[in-house]
Amino acid sequence: MSDNSSTTSSRPLKPLSADQALVFKLDKLRQILIASEFCLMVVMVQRLLIGSWQTATILGVLALVLAICYYVAKYGRLQVGAALFLTSLTITSSYFMWTYGGLGDEALLVFPAILLFSAVIASYGLLVLLLLYMLATVMLLGYVNEYNLYTNVIQETSLSSAFLTSAILIIVSFSVWLLSRDLRNLLEKLSYENLKVMQSEDEILRLYNHDPLTNLPNRRLAKELFDKSVALAHRENSKIALIFLDLDHFKAINDSLGHASGDEFLKKVAERLCSVLRESDTVCRFGGDEFVVLSQSFEKDAQIHQLAQRILQGIARPFFINGNELIVSGSIGIALAPNDGDCFDDLCQKADTAMYSCKDKGRNNYCFYNQDMNQSEMEVLQLTQDLRQALVSEQLCLHYQPKVNLQSGEIVGAEALIRWHHPQRGWISPVDFIPLAERAGLIIELGRWVLETAVIQCKRWHEMGYKQLSISVNVSAIQLRRGDFEVQVQEALRQAGLPGTSLILELTESLLLDVQPSLQLCLQKLRQQGVILAIDDFGTGYCNLGYLQRFDVNMLKIDRSFVSKINHSNQDKAIVKAIIQMAHSLNLEVVAEGVESLDVAEQLRELECEKGQGFYWSRPCEALTFLELLQTSQIPQTHSS
Ligand code: C2E
Ligand code: MG
Ligand code: MG
C-alpha cells in the first residue's frame, strides 16, 4: 500500500497571463519597428543615391508613420500601433507592386512577414483583413495584367534590386528570429515558473496529506489508501489489518524530557516502525503518540499476529534521545476488513476500542477487536454518566484504612479511600471508576470532595484526642495540573482548621516525571504549608531517584506487589530491603502497603520499615468503625483534655 503522490509531469503548462502577453507583444512591436526604421533609412539613402526621389519620398513618409507607431506602442496602445504599422507597410508594399514590378516586385516579399507579425503581435481580425487585402491586390494585379488593362514592367535583375531584396530578406529574417528567440525564451521561463508553481502545489498537497513531524501519511491519506485497498482485498479475497498503536506512558517522556525531545522520539519511533514493516505496509500518524499501520493482502490471522509482535518488539528496543536511553512499550488494537467492516472510520473506532481494552489489560500487548468490546465501551459511557450523577446524589463515601507504626503497633494515620455505592450495581472499586473520572474530567470535582471530607474527618479525630493521626489523600495527576491545587488544599485545611503537617498527599511516580515549572512550584507551595508528600505504589513506575530530591518528597509507600510476597520470594524481599535502605539514606520515611499477615509485618519491622498498612490490621472501613479501632487498640491516646 504505497503512498503515491501525484507527479508534476502530467499537468499541462499554464497559459500566459494577459499582462505578460501584452508586455511581450509591445516589446516585440517596438523592436521590429526599430529594425524596420533602420532598414527603411538604409534603402532610402540607397534610393537617393541612385536618384529615385519618388521611392525615397514614399519610404520617408513610411519611416515617419513607423516613428509614430513606435510612440503609440511606447504608451501601451498595442493594437493601434500594430494596426497602423502593418497596414501602412501593406499599403506601401502594394503601392510599389502596382507601380513597379507587379507580382514580380521585391515588395511582395514583405507580405508573408506582415502576416506573421499580425498573427503574433496584433489581432486575428487584422490578420484576416490584411490577408484579404493582399489577396485582392494580388488577384487584381494578375487580372489587369492578364487582360492588358494595366501592365507592370518586370524589373531587370540588377545590383540595386538585389540590394533591395537583401534588405527586405534581412529585416524579415531578423524580425522572425527576434520573435522566435523571444518566444522560445518566454516558453522556457514559463515552463520554469510552471514547474515552481506545480512544485509548490505538490508541497501543499504533501502537507495536506502528511504529518509534518514524521512525514508519514496522516489520517486523510490513510483513509484514501485504505479505500483503494479495500476494493483490491475484495478481488483477492484477502484481508486488510488496521493496526492502531498507542505508546504507553508517552506523556511522561514528553513531560520529563521536554517537547523537543518528545518530537525527536516520535520521529525515531516512526523510523523504527517503517523499518520493521513490509514494503507493502503503510505507517501513518494520526497525531500525538498514535500510529496506525495499514497492512493488506493477509490470508491468515497468524500473519497479523506476527506483524503485531514485530511492531511491539521493534519499539521495545531502546531509543537514544539526546543522551538519554528510553525504553518504551506500546498497546496495539487491531481491526480487520472485511471481518469488522469496510468503513475506514468505523474500523479506526474499533481498533481504538481494542487498543484501550489492551491498555486496560496491562499494556505492552495487542488485542483484536471483538463485539464485546463495543459493549464494554457502551458500559464505560454509561458508568461515566452514572458517576456524574453519583457526585450530586451522595452515592460516594470515604473509607479509612489505618496506617500503623510497626515498632509500637500504634495507629498513626488513615488513608482515605473513595467508595461508590451504585444504586443498581452495588459497590464499585475505585480502580474501575477513578480512570473514568480522569478521562471525563470529573476527577477535579471528585478529588476536591475527597480532600475536603478527609481533612474534616481528620480534624474530628483530632478533636476527639487522637492528635497523632495524619490523613492520607490520593491525588490524581490531573488535579495537580489544573493550576490552583495548592489553593484548594490551603482552603480545605483552613476551613477544617487542620494543620498542614497532618495531611499527606499520595502522588504517583509518573506524576513527578513532569518537569513543568508550574508543577514544581505547586508542590513547593504545598511543602511550605507543611503538607507531607508521599510516593504511592513505589516500585511499579520509573524508580528514578532524582525527582524524589527535586520535589522534596517525605515518604515512600512500597507497592503491595512486593510487600505481600516478602515471606515467599527472596527477590521481593531483596527489593523491599533495597528500597528501605535507599529511602533511609535519602531521609525518607517508608510505609509498606498490603501487609496481610503477622509474618510479613514482623519481617518489615526487622528490615526497619517504619510503618505498615494492610488487611492484617484492618480493611478500609467507615469513619465510625475506624473510631472503634482507635478506641480498642492499645494505642496510647493523647487526649488534649
Ligand atoms: P492505593 O492508594 O494504593 O490504595 C491502597 C489500595 O490497596 C486500596 O484499594 C486498599 O483497599 C488496598 N489494600 C490495602 N491493604 C491491602 C491488603 O493488605 N491487601 C490487599 N489486597 N489490598 C490492600 P482501593 O481502596 O480499592 O483503592 C485502589 C486505588 O484507587 C488506590 O490505591 C488509589 O490509587 C485509588 N484511589 C482510591 N481512592 C482514591 C481517591 O480518593 N482519589 C484518587 N485519585 N485515587 C483513589
Ligand atoms: Mg494511596
Ligand atoms: Mg498504593
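# Exercises on a predicted protein chain

Residues are numbered from 1 along each chain as its sequence is written, chains are lettered from A and ligands numbered from 1 in the order in which they are written, and side-chain values use heavy atoms, with hydrogens and water left out.

## Exercise 1: the chain as a whole

Step 1. The protein chain has 22 helices and 16 strands, counted as DSSP runs (H or I of at least four residues for helices, E of at least two for strands) and numbered from the N terminus.

Step 2. Along its principal axes, the C-alpha trace spans about 150 × 60 × 50 Å.

Step 3. Of the 641 residues, 48% are buried (buried means under 20% relative accessible area, exposed over 50%, partly exposed in between, with a 1.4 Å probe and protein chains only).

## Exercise 2: the surroundings of glutamate 610

Locate glutamate 610 in the chain, and work out which residues it touches.

Step 1. Glutamate 610 sits in the loop between α21 (598-606) and β16 (611-612), and it counts as partly exposed because its relative accessibility is 25%.

Step 2. Residues up to four places away in sequence set aside, glutamate 610 touches Val404, Asn405, Leu406, Gln407, His584, Leu588, Glu589 and Val590, where contact means heavy atoms within 4.5 Å.

Step 3. With histidine 584, the side chain of glutamate 610 forms a side-chain polar contact of 2.9 Å (a pair of N or O atoms within 3.5 Å; within protein, one must be able to donate a hydrogen and the other to accept it, and residues adjacent in sequence count only if both atoms are side-chain atoms).

## Exercise 3: a lysine in a helix

Is lysine 28 buried or exposed, and which side chain does its own side chain meet in a polar contact?

Step 1. Lysine 28 belongs to helix α1 (residues 18-49), and it counts as buried because its relative accessibility is 1%.

Step 2. Its side chain makes a polar contact of 2.8 Å with the side chain of glutamine 31.

Step 3. Beyond its neighbours within four places in sequence, lysine 28 is in contact with Ile121, Leu178, Leu179 and Asp182.

## Exercise 4: backbone geometry

Find the cis peptide bond, and describe the phi of asparagine 215 and of glutamate 608.

Step 1. Most residues other than glycine have a negative phi, and most peptide bonds are trans.

Step 2. A cis peptide bond, with omega about 5°, joins alanine 337 and proline 338, and proline 338 lies in the loop between β6 (330-337) and α11 (344-360).

Step 3. Asparagine 215, in the loop between α6 (159-209) and α7 (219-236), has a positive phi of about 65°.

Step 4. Glutamate 608 likewise has a positive phi, near 65°, and at 53% relative accessibility it counts as exposed.

Note on methods. This is a predicted model: local features need pLDDT of at least 70, side-chain atom pairs count only at pLDDT 80 or more; totals for chains, interfaces and linings use all residues.
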